[in-house]
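Subject: Structure handover, salt bridges

Hello,

Here is the structure you asked about, with notes on its salt bridges below.

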Amino acid sequence: MATALSSSPLPANRRTGPPKPGDGKNPVPTGDLTGVTTLPYGRFLPEPASYELLTPNLPSNWNYIYQNRKMLLRVDQFGLAYAQAFPPHDIVMLARDRYQRSSPWLCWINSTAFARGAFSNFFRPNLRADDPSYVPAGYSVKFTPSRAIYRFIEEGVDCQTEVFLPPDQPALAVRMTLRNTTPDRLPLTVHSIMHHACRWGRMAAWDKPEWYTETGFFHAPQEELAGFGIQLRSPTCDPAKRRAALFESSADGLQSAGVSYEKFIGSGTFERPDLIHRGALELSLEDDHPWLGQREESRLFAYPQSGNLHFEKTLEPRESWSINQTYTWLDTAGASTLPPRDRIRPQRIALTSDAFDDYLAAVDASHQHWFGQRTLTSPDPALDAYANSWLPLQLNWACSLDRGWPHGMRGGRDAANDFTALAPIDPDYTRQLILTELSCQEPDGRIPRNFSARGHAGAERDTRPTVDAGAVFCELIHAYLGHTHDYDLMKERVPWLNRPVDETSSVLDHVIRIADYYLAAENIGEHGLVKLREGGWMDAINHAGLKGRGECVTTTFQVAHALRLLEDILRALSERGLTYQSLVEINLARLRRGQANFIRQGREHGLNPSGYFNGIFNDDGVWFFTDQDPDGQRRIFAPATYWAIIAGALDPDETRRALGILEELKCSAGYHLQWPGFEQQTFPHIGRMASGDSPSGRSEHANPYNHGSHGFLGRALAVAGEGDLLLDALHSLLPYDQEKHPTARTMTPPYAVVNVWERIPGFPFRGKDSFLTGSTAYGMRLVYDWMVGLKPTFAGIKIDPCLPRHFDQLTVRFHWLQREIELHLENPDAVATGIRRVTVDGRALRNRSTDIESGRECAIVAPNDLKKKSVNRISVVLG
């Protein structure tokens, strides 16, 4: 395991050089976001990826995510919000109703000594109707990578609740600790409720979840625990859809229990339950309650269920008391009944506080290792802190959330985009995703819009004819091979969508079939551009090609770039004797022809007299996003121009002229994706953005839409060698910059990458969809791939930096092919690009190559130039 990172922050605005020479075990600085001031509601903490809320009265729900690949949990200032097992394809375990502002799993705390009545351990819901904004003393919510900690003092009770995921298990854990701060004995009554949501994400409109669940209570006094077994049956009688869960609690002070949600709330509501005023629940502990609700009175099905526990405890002055609880997904092996106790035992989570501490220590260690995979030290400590912890953490979340839809699918484009950035950090997970996605590829080579997260065997899919996923997938597999040199992957055999599972082809054949799709005559329009069908990257342009005529400039240049990457892959395989030479020669020739044709036709038909690129040609035979649209507007769709630059369709002078559109797209939150919006006139054959169904200012319609507005832009700026503008685009994408994205205006947390900054009436540039965005992956790549210029390839590590001119030095530590590397960039002449000198451990290195995107001469360090058992120090002087 890698050496743990230092928890000591760098002083704000301090410029740091490379770590001192030595054995490679010096702590690596993590950066510092605590210098980001004027933050309302909370503050960044010195610890990596940690934030503290100082009030629950936020302008919106501020989420934080926990996941261990087997369980995903979303929390906010109100407590637990949502949990799913084995994301993104298995059951929902816990969920709030929409717009509900209370945790479905909480404890009500009451006492005859309280002056103002009961309160919950998350202090929401709030029973103080006279002042719903009331905040108790010492209120704090700390979000850290290992746990969320909720704490406050009310009515003399110091209440702390820790929420976390045990490592490597599909489970949630909550520990509530109450301490008496008064000088007197304090009698306490606690009512715990876990209103579970064991269900599949998508149900028939006529179904209700409780019809298919059963909850049974058990009490094991000899083990000092109690709990509930929860069974989920299948509405379609499918054994594969049966699930179970186990809610267990420590039993110190336990008095009674219940399984009915309706009886718990009584004549009140979930936010103001009647039962906290009445005391005992329906199941007395004087009766025997054996394993998993075997008594008739201990079980409930067909009506709303929850796990309800009633505790009584008297605390001496300064005495503390903890209630430890866990909620665990169980493997039923397809049975229609709950698993027997001996089968459940290995899946259970230990409930002691010592065990909880051990779980948390293991989670801490795993995050330190995760954060140590790549680290940045630059003249911008805030950027360093965000790149070193927040970006990799949120990338990990995004790869599990896959846009947060509980429908069992992954996006063909979305997953490929996210895992391209994950490849250098978690290659095993990336390899698994590659094989899963290819097993759902259509035989003609097209990758569906959405494929089953379970792969070929899964029935969940969305095969609407969108056309861009294959191009993005080519980036994924190119990046994976460059970072791992795992050429055996190309020999793996994978099935095809809607074909028998034993009818397989090699990964290489699948990848070549992607090119087959794009080069097929029926998929190329009358201008020689890629046909749009139901859409490309821009989801709001979804009606322009449904009749089979419409073409897309952006997708055309994305495909041209993808063909260039496939050419690079084939050449690498050929040089290593890993494929037939005749196959390589035939495909190289047609890939080069296809790439040249797409660029030539894109220039001829897309480049308008104003020097930027038109967006689409629709089924009606009309061009839109031009210097004169049919409504008379000069309208820009920026990604078409950005991708033309990335694909190498423009020379440097043309690139500079094309980037003149930035002056028209600039706003206080960054750069609009397209401008102006469709406001005065609607058009039927473009899509929802021009039909009047998605007003200008909503989502991607005429807003700074992070992925395309700042991700694609930053990538194009790296090609153009514009380092200062690249940093500006990066700061426009990231959320913490209070000049670009003041928290009071965005209403989203300053730690959360969002999908878009919307212009909604009354909410100018409000943030939308925290974490559920491809922008996180692009943020990672903007830092490492295009600003630092770190590009592991088949021949070695290419280094092609594009720095802001005021960055006089920069250091990155990373791993590649079992080698630990420290790359130090020096910029004495305040330039953006260009390599003057390269050394490896003090030895001059004169190897040069050409970057596949920028076309610039760059340094290349081969694997043989690097040692495996010590830190390799690469020094690059720009100039």
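A salt bridge here is a side-chain nitrogen of Lys or Arg within 4 Å of a carboxyl oxygen of Asp or Glu. By this rule the count comes to 64 salt bridges. Please keep in mind that this is a predicted model.

D158 belongs to strand β11 (residues 157-164) and R179 to strand β12 (residues 171-180), so the pair ties together parts that are 21 residues apart in sequence. D158 is buried, because its relative accessible area of 5% is under the 20% limit. R179 is partly exposed, at 29% relative accessibility.

D539 and R449: the closest N and O atoms of this salt bridge are 3.4 Å apart. D539 sits in the loop between α9 (507-519) and β27 (551-552), while R449 sits in the loop between α7 (427-438) and β24 (450-452), so this pair ties together parts that are 90 residues apart in sequence. The relative accessible area of D539 is 21%, which makes D539 partly exposed. Both residues also belong to a network held together by salt bridges that share partners; its members are R403, R413, D414, D418, R449, D462, R464, D468, E534 and D539.

K491 and D488: the side chains meet in a salt bridge at 3.8 Å, N to O. D488 is partly exposed, with a relative accessibility of 48%.

Regards

Note on methods: Residues are numbered from 1 along each chain as its sequence is written. This is a predicted model: local features need pLDDT of at least 70, side-chain atom pairs count only at pLDDT 80 or more; totals for chains, interfaces and linings use all residues. Side-chain values use heavy atoms; hydrogens and water are left out. Helices (H or I, at least four residues) and strands (E, at least two) are DSSP runs, numbered from the N terminus. Buried means under 20% relative accessible area, exposed over 50%, partly exposed in between (1.4 Å probe, protein chains only).
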